[in-house]
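Subject: Structure handover and what was found in it

Dear colleague,

Please find the structure below, with the sequence beside it.

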Amino acid sequence: MYQPHATVIGDKVWARLKELAPQRVRPARSVLLRQGDPATHVIVLEAGSTLITLAGECGERTLLAVRGAGELLGELAVLDSQPRTATVIAAEPCLVHIIPATDFLGFVDEHDLLAPLLRHAIARVKESEAVRLELATASVPLRLASALSRLVDAASDAAPDLAVRLTQTELSQMIGASRNAVVNALKPWREQDWVRTASGGGLLVRDIHSIQSHARAQA
């Protein structure tokens, strides 16, 4: 079962890692890390949720994963001194600690974290492969329901209704479907009031379990 970094390295070490940099606020939809940029720092995600996306040669974006609180972001690029391989976008307002690469590498050595971080990276790869398989084989409603489920699971807000600050066009890009296909998938869910248009833009997910059940039944 996939576990966030905070669980893998333990609460005490996680707390000390956060102390390396002050807490900062990043608004929803802001880019936290950009694909192709140099690996100058890592981000400790203390609260909020993020989208991990990969851009193709024509600029199309694909959703690789959704990460919530307790995750490290951008650490693999720092560990192997390579440019970022994906873009990280805040799905909601996030609390982060931005730690310079040199400080992070020193912390990894001090606490002997390289092996657990690599094991965690392998778990991430397996999860991403599952998402890619889903994108290649599942119906649009099922892909959309899965993407919304990941956002709900990773969200810091435990409220029954979750606002997803993404447009229908962005959702369609992330699940590899047309905008019309996403609109058609959302239609029966809107009619059942399982999802609404959120004030300020995006979607308000009101009943993710019914959405999942309906999508599976349509597959």
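What volume does the largest cavity have? The largest cavity has a volume of about 50 Å³, where a cavity is, on a 1 Å grid over the protein atoms alone, a set of points where a 1.4 Å probe fits but cannot get out, and a volume is the space filled by probe spheres set on the points, with grid points joined across faces, edges and corners.

Before going on, please keep in mind that this is a predicted model, in which local features need pLDDT of at least 70 and side-chain atom pairs count only at pLDDT 80 or more, while totals for chains, interfaces and linings use all residues. Residues are numbered from 1 along each chain as its sequence is written, and side-chain values use heavy atoms, with hydrogens and water left out.

**The cavities**

By this rule, there are two cavities of 30 Å³ or more. The largest is lined by S49, A91, E92, L151, A155, L162, A163, V164 and R165, a lining residue being one with an atom within 4 Å of a point. Strand β9 (residues 162-164) gives the largest share of that lining, three residues; helices (H or I, at least four residues) and strands (E, at least two) are DSSP runs, numbered from the N terminus. Sorted by class, the lining has six nonpolar, one polar and two charged residues, where Ala, Val, Leu, Ile, Met, Phe, Trp, Tyr, Cys and Pro count as nonpolar, Asp, Glu, Lys and Arg as charged, and the others, Gly among them, as polar. At least three residues of the lining come from each of domain 1 (5-134) and domain 2 (139-218), with domain bounds taken from an automatic or database domain assignment.

The second largest cavity has a volume of about 40 Å³, and its lining consists of L63, V131, E134, L135, R143, A147, R150, M174 and I175. At least two residues of this lining are supplied by each of α5 (114-137), α6 (140-154) and α7 (168-175), and by class there are six nonpolar, no polar and three charged residues. Because domain 1 (5-134) and domain 2 (139-218) both give residues to the lining, the second largest cavity lies between them.

**The largest pocket**

A pocket, unlike a cavity, is an open set of points with protein on both sides within 12 Å along at least five of seven lines. The largest pocket has a volume of about 560 Å³, and of the 25 residues that line it, the closest to its centre are I52, L76, T85, A86 and R124. The elements that give two or more residues to its lining are β4, β5, β6 (71-73), α3 and α5, and the largest share, six residues, comes from α5. By class, the lining of the largest pocket has 14 nonpolar, four polar and seven charged residues.

**The nonpolar core**

The largest nonpolar core has 32 residues, and those with the most contacts inside it are L51, L144, L148, L151, I175, W189 and I211. Here a core is a set of buried Ala, Val, Leu, Ile, Met, Phe, Trp, Tyr and Cys residues joined through side-chain atoms within 4.5 Å, and buried means under 20% relative accessible area, exposed over 50%, and partly exposed in between (1.4 Å probe, protein chains only). The largest share of this core, seven residues, comes from α6, and the core draws at least three residues from each of domain 1 (5-134) and domain 2 (139-218).

**Strand β7 and its partners**

In strand β7 (residues 87-90), T87 and I89 point one way while V88 and A90 point the other way, and all are buried. Strand β2 (residues 31-33) runs antiparallel to β7 and is joined to it by two bridges, with V31 opposite I89; two strands pair if DSSP finds at least two bridges between them. Strand β4 (residues 50-55) is also antiparallel to β7, through four bridges, and here L51 stands opposite I89.

**Two loop residues**

Most residues other than glycine have a negative phi. S81, in the loop between α3 (75-79) and β7, has a positive phi near 55 degrees, and at 61% relative accessibility S81 counts as exposed. D112, in the loop between α4 (101-110) and α5, has a positive phi near 50 degrees, and D112 is exposed, with a relative accessible area of 62%.

With best wishes
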